[in-house]
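Here are my notes on this one, as numbered points. Have the model open while you read.

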Amino acid sequence: MNDDNVNAGGTTTTGEDLRTSDLQAVETLKKGYETMRAELARVIVGQDDVLDQLLVALLANGHVILEGVPGLAKTLMISTLSRCLALSFSRIQFTPDLMPSDITGTDVIQEDKSTGQRTLQFIGGPIFANVILADEINRTPPKTQAALLEAMQERQVTVGTKRHTLAQPFFVLATQNPIEQEGTYPLPEAQQDRFMFKVFVDYPSYEQEYTIAERTTVDNEASVSQVFTGEQIIEFQRLVRRIPAAPDVIRHALDIVRATRPAEADTPEFIKKMLTWGAGPRAVQSLILGGKALAALRGRHHLSVDDIRELCRPVLRHRIVTNYSAEAEGYTSDRIVTEILDAIRPNETEVARNERFQKLLSA
């Protein structure tokens with residue numbers, strides 16, 4: 001692999017740079033990640049995959065939808081993560097009567113007592129923090145959801161005619177309750193696409209739940225130590241973009257995403273039957289950036305096919321739209337992604353892939 005790499009800003013990073021400062025930074029990140037996992041384990045029991053995906057999204061400068069039933073420590077997980085990273089944390093409970101100004105802030109009239117002059121002064125809302133927990137985001141109307149969307153995408157909020165820049169790093173984790181759907185406002189596909197991952201938070205195992213019951217019913221509150229600062233996280237986010245990706249790995253990510261689109265000529269037949277809509281270009285970007293972050297956390301300085309394939313479910317599950325045929329046959333988004341991964345294999349030519357598809361169809 002060529003050691004030269006072009007980062008997001010268009011400047012060239014030389015092989016010498018990758019062998020010295022960047023490799024040292026990757027090693028620092030790996031050691032810090034191991035320390036952080038140990039610190040988080042003092043408070044959070046289990047949920048290892050969820051924590052890994054949250055860290056990957058943070059390093060890739062993305063946002064996450066967390067879906068799980070109440071009581072699975074989603075809020076505790078996110079607030080503990082922010083303390084490990086020395087980041088400010090803000091929790092916003094989304095309700096049907098929540099207005100955009102309730103989260104972004106508003107202009108208020110301030111009077112100078114010495115002169116009697118009145119001026120408008122902006123008072124920032126809870127969105128002005130590093131880590132935002134948007135609790136039950138589907139319970140607030142689209143107008144308020146859109147205000148959060150601007151903050152996520154642009155890293156700023158607009159109040160009146162003025163724009164206010166948000167502090168960096170900026171990380172939004174939105175939760176959804178999969179049980180109660182009455183009186184909710186489901187996020188449109190275009191808004192879900194703005195989230196890098198959709199992560200499922202599942203029930204703990206028997207042993208994990210026993211540990212949870214044992215820890216949380218005594219007079220002993222666990223604490224965590226700071227591992228990284230906000231400035232270090234920003235540097236690691238830049239480092240992730242400098243990690244090289246071979247053309248074959250990028251093409252593999254592209255093949256997987258394009259296989260979700262029913263209108264493509266070489267899309268597998270079962271996709272055309274099961275899906276109404278496939279994933280867009282943001283899915284490819286999320287796979288590559290997320291894979292780079294995952295590689296860095298594990299102490300590697302290049303992107304691999306395994307990194308891409310490991311992240312396909314959280315990247316794609318909220319970006320593909322199933323139809324009636326899929327629901328009738330019991331196909332979930334995750335099952336469809338699994339079958340796509342079985343169909344799209346690394347280092348396989350398009351001709352060989354088409355021949356294998358034809359054999360599968362005729363069998």
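1. How much space lies in the largest cavity? About 60 Å³, and the whole structure has two cavities of 30 Å³ or more. (A cavity is a set of points on a 1 Å grid over the protein atoms alone where a 1.4 Å probe fits but cannot get out; points are joined across faces, edges and corners, and the volume is the space filled by probe spheres set on them.)

2. A word on the source: this is a predicted model, with local features needing pLDDT of at least 70 and side-chain atom pairs counting only at pLDDT 80 or more, while totals for chains, interfaces and linings use all residues. Residues are numbered from 1 along each chain as its sequence is written, and side-chain values use heavy atoms, leaving out hydrogens and water.

3. Now the lining of that largest cavity (residues with an atom within 4 Å of a point). Among them are Tyr33, Met36, Phe228 and Leu297. By class there are ten nonpolar, no polar and no charged residues, with Leu, Met, Phe, Tyr and Ile all counted as nonpolar.

4. The sheet is open, with five strands in the order 4-7-10-3-11 and parallel pairing. (Strands are DSSP E runs of at least two residues, numbered from the N terminus; two pair if DSSP finds at least two bridges between them.) Its edges are strand 4 (89–93) and strand 11 (197–200).

5. Look at strand 3 (residues 64–67) too: four bridges join it to strand 11, and Glu67 stands opposite Phe200.

6. Disulfides (cysteine sulfur pairs within 2.5 Å): zero in the whole structure.

Notes:
1 Å grid on protein atoms, 1.4 Å probe; cavity = no way out; pocket = protein on both sides within 12 Å on 5 of 7 lines; lining within 4 Å.
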